[in-house]
Amino acid sequence: MGSITLQALYPQLLIGLINGAAYALLSLGLSIIFGLLNVINFAHGALYMLGAFVTWGLLHYAGIPYWGALILAPLAVGAVGVVLERTLLHRLYRLDPLYNLLLTFGVALILQGLFQMKFGSSGEPYDIPAQLAASRDVGFMMLPVYRGWVLIVSLVVCLTTWYVTERTRLGSYLRAATENPGLVQAFGINVPRMITVTYGLGVAIAGLAGVLAAPTVNVSPEMGSELIIVVFAVVVIGGMGSIMGSIVTGFALGLVEGMTKVFYPPASNTVVFALMALVLLIRPAGLFGKAP
Amino acid sequence: MTTAPSTSRARRWPVEYTVFAVMTALLVLAPLVVYSVTLMQCLCLALFACAFNLLIGYVGLLSFGHAMFLGAAGYAAAHAAKVWGLTPELAILFGTACAGVIGLVVGWLAIRRQGIYFSMITLGLAQMFFFFCKQADFTHGEDSIQAVPRGHLFGLINLDNDLVMYGFVLLVFLIGFSVIYRVIHSPFGAVLTAIRENETRTTSLGYNPDHYKLIAFVLSAALAGTAGATKVIALQVASLTDVEWQTSGAVVLMTLIGGLGRYTGPVVGAFFVAILEHYLAETRGLVPVIEGAVFVVFVLLFRQGLIGGLSNLLKLPL
Amino acid sequence: MLRDLANRSMIVTLCAAALCAAACKKADNAAGGGSAASGGSGGATAASAGGGDKVVIGVMTDMSGPYADLAGKGSEVAARMAVEDFGGKVAGLPIEVIAADHQNKPDIGSSLAREWYDTKGVDVIVDVPTSSVALAIAEITRTKNKVFLVSGAGTSDLTGKACSPNTIHWTYDTWALSNAAGREIIKNGGDTWFFLTVDYAFGAALERDASKVVEQMGGKVLGDVKHPLNAQDFSSFLLQAQASKAKIIGLANAGKDTINSIKQAAEFGIMSKGQKMAGLLTFITDVNALGLPAAQGLILSESFYWDRDDGTRAWSKKFAAKHDGEMPTMVQAGVYSAVTHYLKALAELKSAKDGKAVVDKMKALPVDDALFGKGTIDPNGRNRHSMYVYEVKKPEESKAKWDYYKLIREVPADQAFRAPADSECPMLTK
C-alpha cells in the first residue's frame, strides 16, 4: 500500500476499535477471574466458542433468535463455568497457579475436540439479525449497523463491570477477598460462593463475546483457540488482574492491529506479542498493574 | 512444584545406575518391538522434554516458548545439512549452537521476570520467532525444508539405514540425558534447586541467582536444540509445527505426565504422549479430546506424574 | 540389599510389562488384516516383507483439523467404496484399506508413512490434504519405490519442482484452479483484480498463477493484501480491496479464511455494490458452511460437482448414504477415482510391488470413470481432466440442500492444466 490518505485511515481505526471490543470483553473476564481466583483461565477461548455455538444451537434446534440468545447463551456458559469451578478448579486453589492453567488447558482441548467431532471444522453459518442488518453512513464510511451494535454493547458491559467492581459494596467485597480471603470470611461473607459466582460471571462475559461474534465470524470449534493467547497477551499488557487495564488495552490493541493491517498486514497477528514482550521488559507489572 | 525427596548419596547411586542401565537396555532392544523411526521421534521428544524439565523442575521456571529452540535448531541443522552439505554431526552441533545463542538472548531478557511473567515473555518472543520463521526464505514457510539428507556420520557411516540412524539418535539422547543428569547432581544443580526453593536466601549466601538462571536457561535451550536438530536429521523434514506454540504446550504435557523435577520423568512422559498420539492417529479425530482428558486427570489426580507415583510406591528416587 | 534387589526386579518387571503391552498392541494391529505380518517376534524390518499376498491402501488425511470436512473421514469412505465397487480383490489378492490422521504435521505424516511402508505392507498412500505433508510423503514414497496418489493437497510443485516417478496428482492443483476461474472471469469483463492473499506459500502460489492469467489476457492486477493465516476479522482487508475499485476480488486463501472473508464481504455489502468475488481455492463444504445468502454470486472452479450429470449424481448419493448425508467434495471424489484407476493398473500388472512400474502403467492406461470423465496422465504425474467454473446460486434458485452451483463453463482437459513443458519438473528435462 503506497499512499494512505487520512480519509482512508478513519474507517480502519473505527474497525480496529470494534475488533478491540472483543478483546476487551474477553480479557475483562480473564482479568476478573485472575484477580480473585488467581487462576489463569485457559478455557476462556473455548467458552467463548461455546457461547457462539449455543447461540447457533438456540436458533437451529429451538428456533430462539439472536435476541433470546443474547441473554440465554451467557447464562448457559456461566452455568457451565459454575460447574467447572465446583467440580474441578476449586480442588487446586492451594497449589501453584500453574496447575490450574494446565487443568483449564485440558478442558479447552476437550471442549474444542468434542465440537470438532460433532460439527466438523468449517463451522456453521449464523445470520445477522434482520433489525441490525443494514449499513449506516457515518461520514467517512458505510458502517454495518451490527458492528456499531457490537461496539456499544461491549462498551456498556465493560464500563458496568468496572463500575461494579470498583465503586460498589459488592465490588469492595470482591477486592477485599482478593487481598485477604480469611478476613472477609470472618466478616460472614461466603467466600467460596463468591469465588464460584465470580468465575461464572467471568466466563459468562466470554459467552457474551461469543454471541456477539456469531453473526460476523463463522461459528467454528477453533474460533476460540486462535484468540486465547492474544487475549492472554492483552491481560498481561494491561496488568494481570487490573480490570481497567484489560479494557483499555483491549481497545488499544484493536487500534494497533488495525494500523498494522494497513501498513504491514502479515504481522497483524504477531504485533501483540511484540508489544507484550516490550511492555514486560519496561513495566514488569503491565501498563495498569501494581508492582509485584 | 513437586520436590523429589532427597535421598542419601550412598543410596542414590546404585539405584540410579541401575535405572540408567535398565533404560539403556530397554532402548537398545526397543527396535525389536517398536518401529525404529517412531522410536527416533520419541527419543528426540524425550530429550526435548528433559531439557525443558531442567528449567521447570529444577529452577522452577515455566518456559512457554521452548518450541522456539527445538524449531530454530531444526531449521539451522536442516539448512546446514541440505544447503551447505555438512555432515550430520556437524549439522546437529550447528543447530545446538544456534539454539544456544537464541537461548542466551531470550534468557537474558526473560530471567529478569518471575512466575507467569517469565512464561509470558517466553511466549511472546516465541511467537515473534514463529513469525520470523514463516517469513524467512530459507525455511520455505509452510512448505517446510523437505528431503533433508541424513548423510554420512563423520563422513563415513551411512545413516540411511533406519537401524544405524536409530543407534545414532540413541547415542545423542544418552549423551544429552547424561549431561542433564550430571548438571542436576552437581554443585551447580544444588544452587539451582536452592534458587527455586528460596531465591532471597540463595542471594544472601553470595550466589547471583540471575547468573545461575541464565546458564541453566542457555543449557536448556541448547539441549532442546540438540533434540530438534537430531529430529530433523532423522525425519528429514523441518517444518513450522516445530516452532508453533502448541508444541511448547505439548512439552509441558509430557513433562507433567512423566513427573516434574524427576530426571526420568520427561522420558516416560514423552514416550507416553508420543505412543498415545501414534495409536490415536488411526482413530477418528479423537486426539485432542483424549489429550485434554489426560491433562485433566493428571493435574487432578497424579500431579507427581507417572514416575513420581512409581517412585513413591517403590520408595526409590527415580 | 534384598529389598533393593526386589525393587530392581520390580522395575524391570514393570518396564517389561509395558513393552509387552506395546508389542501386543502392535501385533494386534499387524494381524488386523488376518495375514502374515509377523507382529512382535520377527522384528520390525522382517514384517516389511509382508506385502505381496495382499494389497494395502493407506488413506492418510486430516481427521481433526481444518481439512477434516473437505477430505477427512469422507476420503476414507471414498477409498472403501472404490475397493468395494472393484470387487474387494485385485489379481486374486485381497485389498485392505487403512486410514490415519496426519494432524497436518509433516513430521507425524512422514514417520507414519515410513511405518506404513516398512512394517504394515502399505503399497499406496492416498489423499494427504496438506501441502507440506504431501511434499514430505512424495519424497519418502520415491525412496521406498511405492505409489502416492495425491487428491487433497493443492501445490502444483508436486508435478513441478518436486515431481516424482512415484507420484500422481489426481484432482486439482493451484495452477488449474486459478487458471480456470481467471480465464472465465476476464472473458466476461472482469479485467481488474485485487487479491486477498493468505500469507502462506499456497496463497502466494495461487496469487502468482492467477496474476499471470490476468496479465496474459490483458487484465490488470491493481493490488493485493497479505493477511495472516486464521485472521478473525477481514473487514480491514476488505475495505482496502473495496478502495482499490477492482472489479474482481480474488481470494487466494482457503478454509476458514475464505469463509470469513466471504461472510464479512456480504456484511459490508461488497458484492451488492458491484464488485465480484472469486474463490481460488473454495470447496463445496465451504459454501455449505457459509450458506447461500452469504455465498451467492461467488465464482469458483472445481474439478467435480456432485450434481453435474447422472453418473456423478448416482455415485454421490451412494456416498452420502455412507457419510452422514454429506455430499462429496472434489477431493473425496478424487480419492475414489484415483484408487479405482490404481486397481485397474494392478489388475493388468498383477503385482503392486514395484511402485514406479504401477505408476507407469497408470500413465499408460486411459483414465475413464463416471466422476471425472475421460482423462490422461501427463509424464510429470499430472492427471489431466476437465475443470469446471461455477457460480454459487442465489438462495431462491436452490431447490435442496447441497444444490449450490450453476455451471458457467467447462474448461476442456487440454487447457485445464499446466503443460508439462512449463512445469519445471526435473524428470522431464533429463
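This is a predicted model: local features need pLDDT of at least 70, side-chain atom pairs count only at pLDDT 80 or more; totals for chains, interfaces and linings use all residues.
I began with helix α9 of chain A (residues 225-238), which has 14 residues and reaches 21 Å from its first C-alpha to its last, close to the 20 Å expected at 1.5 Å a residue. The expected span is 1.5 Å times one less than the number of residues. Helices here are DSSP runs (H or I, at least four residues), numbered from the N terminus.

Residues are numbered from 1 along each chain as its sequence is written, with chains lettered from A and ligands numbered from 1 in the order in which they are written.

Back to α9(A): I found 13 of its 14 residues buried (20 or more other C-beta atoms within 10 Å; exposed is 12 or fewer, partly exposed in between, with C-beta atoms placed from the backbone).

Next I looked up F34(A), in helix α1 (residues 6-37) of chain A. Is F34(A) buried or exposed? F34(A) counts as buried because 22 other C-beta atoms lie within 10 Å. Leaving out residues up to four places away in sequence, F34(A) touches V39(A), I40(A), V235(A), M240(A) and G241(A); contact means C-beta atoms, placed from the backbone, within 7 Å.

Then the chain pairing. I see 30 residues of chain B in contact with 33 residues of chain A. Which helix of chain B gives the most to that side? It is α5(B), with 11 residues. By class, the side of chain B that touches chain A has 21 nonpolar, six polar and three charged residues (nonpolar: Ala, Val, Leu, Ile, Met, Phe, Trp, Tyr, Cys and Pro; charged: Asp, Glu, Lys and Arg; polar: the others, Gly among them).

Last, I checked how α5(B) packs against helix α4 (residues 88-110) of chain B: the axes come within 9 Å and cross at roughly 140 degrees. Axes are lines fitted to C-alpha atoms, for helices over the stretch in contact, and angles run from 0 to 180 degrees between N-to-C directions. That angle makes α4(B) oblique to α5(B) (under 35 degrees is roughly parallel, over 145 roughly antiparallel, 65 to 115 roughly perpendicular, the rest oblique). At this contact, V106(B), L109(B) and A110(B) of α4(B) meet F118(B), I121(B), T122(B) and L125(B) of α5(B). I noted six nonpolar residues there, one polar and no charged.

Terms used:
Helices (H or I, at least four residues) and strands (E, at least two) are DSSP runs, numbered from the N terminus. Two residues are in contact if their C-beta atoms, placed from the backbone, lie within 7 Å.
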